[in-house]
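Please look through the sequence and the model below before reading on. The paragraphs after it are meant to be read with both in view.

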Amino acid sequence: MARPILMPQVGQDLTEGKVTAIFVKQGDPVKKGDIVAEVESEKAVFEVEAFETGTILEIRYKVGDTAIVLEPLMMVGEEGEVLEAAPAEKPAPATFSGEDAQTIVEAAKEPVAESQPANVTSFPAEAAREAETAFLKTGTTGGSSPLARRLAAAAGVDIATIKGTGPRGAVVKRDVEAFSRTGGQSSGQSATSQVLTFSGKTATGAAGSFIKTLQSGTGDPVLFIHGFGGELSAWRPFLAHLGIANPILAIDLPGHGAAAATSASDFDGLVASVRASLAAEKLERVHLVGHSLGAAVAAAIADGGDLDVRSLTLIAPAGLGPKINGDYVSGFLGSSTEGALKVWLDQLVHDPASMPGVLVRATLAGRDGTAMAANQGKLAAGVFSGNTQLFSVREALARFAGPARVIVGTEDRIVPPDQAVPAGVALHRLPQVGHLPQLEAAALVGRLVAQTVRSAG
């Protein structure tokens with residue numbers, strides 16, 4: 001199966017970089033450790049290393065192009081392998097009506113039988129690398145980059161009206177910016193779209209806040225909360241799968257990302273820190289999307305009564321039962337080399353090939369010279385004890401009256417995937433998916449998040 005060599009993220013705020021050199025061509029053999037390209041950010045020039053051994057099947061950028069972080073620069077596979085397009089998807093059902101509000105969505109390998117109960121819907125298994133497609137067909141253009149789509153959505157512009165100048169005629173960041181600067185004109189085309197004024201809330205960078213704006217937009221903001229060991233930048237590639245115009249915000253938890261120097265000693269302290277950031281930004285009405293430990297934080301915040309939480313989407317949530325893979329937590333915290341850390345990070349996914357190798361290096365780089373590892377260890381000691389979670393949000397989730405979904409992978413090796421959820425909460429079980437559904441089944445999870453947000457009205 002083809003595997004990507006990704007544009008690395010070497011800084012907290014880096015979203016793109018310029019390709020300054022490519023050292024391979026299509027059909028060339030490469031081995032793990034080979035330097036295949038050179039990319040320039042605003043602050044430095046750095047080398048791109050192959051994390052896979054194989055043959056270069058496709059090069060998606062040329063020298064001079066702007067590449068988006070954590071998107072494929074090129075694809076590596078077996079000699080003679082042909083890249084295939086991802087299969088078409090079936091629409092997901094609405095699940096917030098009727099007496100039986102809890103819906104279990106099972107993905108199936110076989111077509112749905114006509115006699116299948118009405119409240120059980122099957123999805124075809126999604127390709128794990130659906131998120132790796134950097135250019136998607138839109139309108140009459142040759143494609144568009146994820147960043148260009150987000151910028152166009154934020155400006156209220158139909159991206160199909162913009163002429164692309166990127167690889168294969170794709171619409172890229174500079175095209176959207178030029179379109180906006182000229183009042184709605186691309187080179188050689190007349191204006192047909194109106195640029196809308198943003199009317200929603202974004203993060204202001206207020207003192208005491210670790211919330212950042214990933215996408216401007218209209219309507220109630222959607223706040224993304226990462227899990228233990230993650231950071232807010234990990235959500236960036238997922239945004240291309242949402243298809244919503246709301247402002248998209250994300251936060252770094254204590255001991256993570258830009259908040260590496262801060263700490264929380266228990267679950268209540270963790271929740272309090274997120275509340276403090278929301279208060280600093282004067283955000284009182286939000287949708288919440290959380291992953292793992294961040295999902296538990298989202299549920300706890302929704303139960304506080306001081307915020308108007310419009311909807312909840314909990315991905316592989318902690319806090320619904322007592323069990324946790326304590327060996328993973330210890331192994332993750334104790335790993336100091338790429339080889340050791342990769343062994344533990346591979347536990348997060350069903351198929352280790354879907355774990356981008358660049359994330360291993362980025363995780364270690366984030367620890368270097370910071371208090372991150374120490375503060376994450378302090379947090380872990382306060383929320384986990386061996387294989388036991390020291391907190392629960394089951395009752396909080398049961399009390400939440402708005403639209404709520406729980407999305408789990410049936411192959412999750414970190415949090416048991418078979419935990420029941422309270423009545424009134426939609427439950428989606430995704431086969432051949434581990435603890436990172438937002439990576440392994442990005443398009444389906446993106447669609448479910450969008451449905452949850454829209455269902456709140």
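Predicted model: local features only at pLDDT ≥ 70, side-chain atom pairs only at ≥ 80, totals over all residues.

Residues are numbered from 1 along each chain as its sequence is written, and side-chain values use heavy atoms, with hydrogens and water left out. The protein chain averages a pLDDT (the predictor's confidence in each residue, from 0 to 100) of 79, and 75% of the residues score at least 70. Over residues 86-142 the pLDDT is below 50, although this stretch has 133 contacts (heavy atoms within 4.5 Å) beyond near neighbours in sequence. Residues 185-199 also have a pLDDT below 50, with 33 such contacts in the model.

The largest nonpolar core has 61 residues, of which F267 and L312 touch the most other members. Such a core is a set of buried Ala, Val, Leu, Ile, Met, Phe, Trp, Tyr and Cys residues joined through side-chain atoms within 4.5 Å, where buried means under 20% relative accessible area, with a 1.4 Å probe and protein chains only. Helix α4 (residues 293-302) gives the most to this core, with nine residues; helices here are DSSP runs of H or I with at least four residues, and strands are runs of E with at least two, numbered from the N terminus. Beyond its neighbours within four places in sequence, L312 is in contact with residues including A298, A299 and A302.

Why is α4 largely enclosed by the rest of the structure? Ten of the ten residues of α4 are buried, so this helix is largely enclosed. The elements that its buried residues pack against include α3 (267-280), β13 (285-291) and β14 (308-315).

Turning to the strands, an open sheet of four has the order β5-β4-β2-β7, with antiparallel pairing, two strands being paired if DSSP finds at least two bridges between them. Because β5 (45-49) and β7 (66-68) stand at the edges, each with a single partner strand, one side of each is left without a neighbour in the sheet. Within this sheet, β2 (residues 16-22) and β4 (residues 35-40) pair over four bridges, and V19 has V39 in β4 as its bridge partner.

Strand β8 (residues 72-77) is mostly covered, with six of its six residues buried. It pairs in the antiparallel sense over four bridges with β1 (residues 3-6), and likewise over four bridges with β6 (residues 54-59). In β8, V76 is the bridge partner of R3 and also of I56.

Definitions and conventions
Buried < 20%, exposed > 50% of the residue type's maximum accessible area, 1.4 Å probe, protein only.
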